Amino acid sequence: MSSIPPNAAAHDPNLSPRALGVIAVCLVLAALGLWIAMTPSRTGTALIGGPFALQTGDGKTITDADLKGKPFLVYFGYTHCPDVCPTTLAQISDVLKRLPEKPIRVLFVTVDPERDTSALMADYVGSFDPRIIGLSGSPQDVAAMEKAYRVYARKAPTKDGDYSMDHSSIVYLMDAKGGFVEAFNLDRPPEESAKELSSYL
Ligand code: NI
């Protein structure tokens, strides 16, 4: 005689295939979602980018509509960043230096709106090419743009009680309609990056 354990249902062999089926469906949907996000649609744009409204240092609001008509670059970071952000902005400046006549705009968008006011962002980008525009806004507005660009950004507490920001570091090349073209490659001589960039201008 064997007694039926109270959690017999959980061990019912008939339920396991169903549970596995549910898991399989979830995995397929997750993979499909990722594929859709990364695959250019029929209009040639992947689902990266979209509407935003953030402020420049002089209090002006810049929206996605203001950027239409010319390709642009977007980079997300923050002014307290010890290395990656200043290095990337210096690399972008090196590329822009080789395109002196080109009216390309580059947005440097904070992922740390708590500390980075739009005035601080403007001051910070003052050390780089003048075509780089520093942008900040309310945490909600910044979060909305991060979501549209699929940016990863999280606070990481430091030992001194302060914090740094872990964040993805992608330079987005966007077309004249605000559609995503590619992650712009700065890991090559600036002449090569400039040549590629100018082919879009
Ligand atoms: Ni950074």
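How many bridges join strand S4 to S5, and do they run parallel or antiparallel? I looked this up first: there are four bridges between S4 (residues 105-110) and S5, and the two strands run parallel. I keep in mind that this is a predicted model.

Next I checked one position along that pairing. Phe108 stands opposite Gly134 in S5.

Then I looked at what packs here. Helix H5 (residues 118-125) sits on the sheet and touches S4 and S5. I noted its direction too: H5 makes about 155° with S5.

I moved on to the whole sheet. It is an open one of five strands, in the order S5-S4-S3-S8-S9, with mixed pairing. S5 (132-135) and S9 (180-183) are the edge strands, so named since each pairs on one side only. On average, neighbouring strands of this sheet are turned by 25° against each other, direction ignored.

Which strands does helix H4 lie across? I found that H4 (residues 84-97) lies across S3 (72-77), S4, S5 and S8 (171-174). Against S3, H4 runs at about 165°.

Last, I went to the largest nonpolar core, which has 40 residues. The members that touch the most others are Leu73, Val74, Ile92, Val106 and Phe108, and I had already met Phe108 opposite Gly134. S3, H4, S4, H5, S5, helix H6 (139-148) and S8 each give two or more residues to this core.

Leaving aside neighbours within four places in sequence, Leu73 is in contact with Ile92, Ile104, Val106, Val171, Tyr172, Leu173 and Phe184.

Definitions and conventions. Residues are numbered from 1 along each chain as its sequence is written. This is a predicted model: local features need pLDDT of at least 70, side-chain atom pairs count only at pLDDT 80 or more; totals for chains, interfaces and linings use all residues. Two strands pair if DSSP finds at least two bridges between them. Axes are lines fitted to C-alpha atoms, for helices over the stretch in contact, and angles run from 0 to 180 degrees between N-to-C directions. Two residues are in contact if their C-beta atoms, placed from the backbone, lie within 7 Å. A nonpolar core is a set of buried Ala, Val, Leu, Ile, Met, Phe, Trp, Tyr and Cys residues joined through C-beta atoms within 7 Å. A residue is buried if 20 or more other C-beta atoms lie within 10 Å of its own, exposed if 12 or fewer, and partly exposed in between; C-beta atoms are placed from the backbone.
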